[in-house]
Amino acid sequence: MDKKPYLIRAIYDWCIDNGFTPYILSLIGNKTIVPEALSGSNEIVLNLSPQSIKNLFIDDDGVSFKGRFNGSTHDIFIPVNSVLGVYAKENGDGIFFNDHKELTPKNRVRSSGESIVKKTKPRLSIVK
């Protein structure tokens, strides 16, 4: 079972609970439904705040809602596999997905500033 829909919901809820504006970053693919005027690029960023959209539904298939664009209401559908990230507009904090390969401790690439910390066994000592 894919954990991505759960993570999308969790970050969305976290944004709402903290008074942030939840944004979703997505690729625009064949199954993506957005107004044609917005589909000129291969990526799209949408505001998911309750003040901006209605009927938000997140499931294993995707993210769907009704949104207003240029004065007209449109049905929007973003397939789960097209979602690149969900984050707060105010601080950029959220989650971004790398679906091309699973990041594990073995294949994780370290940035140049990240050092490897060798773990040592904890020791107890008597303090008088």
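This is a predicted model: local features need pLDDT of at least 70, side-chain atom pairs count only at pLDDT 80 or more; totals for chains, interfaces and linings use all residues.
**Sheet S3-S4-S5.** I started with the open sheet, which three strands form in the order S3-S4-S5, with antiparallel pairing. I looked up the edges: strand S3 (53–58) and strand S5 (72–79) each pair on one side only.

**S3 against S4.** I counted four bridges between S3 and S4, in the antiparallel sense. I picked out isoleucine 53 and found its bridge partner in S4 to be glycine 67. As background, I wrote down that strands of a sheet pair through backbone hydrogen bonds, either parallel or antiparallel.

**Serine 64.** I then followed serine 64, which is found in strand S4 (residues 62–69). Which residues does serine 64 touch, not counting those up to four places away in sequence? I listed Asn55, Leu56, Phe57, Ile76 and Phe77. I also checked isoleucine 78, which is 14 residues from serine 64 in sequence but 6.3 Å away in space, C-alpha to C-alpha.

**Salt bridge.** How many salt bridges does the structure hold? I found one. In this salt bridge the side chains of aspartate 75 and lysine 66 meet at 2.6 Å, N to O. I looked up accessibility for both partners: aspartate 75 is partly exposed at 47%, and lysine 66 is partly exposed at 33%.

**Aromatic pairs.** I counted three aromatic pairs. For tyrosine 23 and tyrosine 87, I noted ring centres 5.9 Å apart and planes at 65 degrees, so I filed the pair as edge-to-face. Tyrosine 23 lies in strand S1 (residues 22–27) and tyrosine 87 in strand S6 (residues 83–88), so this pair ties together parts that are 64 residues apart in sequence. Are tyrosine 23 and tyrosine 87 buried or exposed? I recorded both as buried. I also noted that ring pairs link Tyr23, Tyr87 and Phe96 into a cluster.

**Charges over rings.** Last, I looked at charged groups over aromatic rings. I found the charged end of lysine 4 over the ring of phenylalanine 97, 4.8 Å from its centre. I found arginine 9 over the face of tyrosine 6, at 5.0 Å from the ring centre.

Definitions and conventions. Residues are numbered from 1 along each chain as its sequence is written. Side-chain values use heavy atoms; hydrogens and water are left out. A salt bridge is a side-chain nitrogen of Lys or Arg within 4 Å of a carboxyl oxygen of Asp or Glu. Buried means under 20% relative accessible area, exposed over 50%, partly exposed in between (1.4 Å probe, protein chains only). Helices (H or I, at least four residues) and strands (E, at least two) are DSSP runs, numbered from the N terminus. Contact means heavy atoms within 4.5 Å. Rings of Phe, Tyr and Trp (its six-membered ring) pair if their centres lie within 6.5 Å; planes under 30 degrees apart count as stacked, over 60 as edge-to-face and the rest as tilted. A charge sits over a ring if NZ of Lys or CZ of Arg is within 6 Å of the ring centre and within 35 degrees of the ring normal. Two strands pair if DSSP finds at least two bridges between them.
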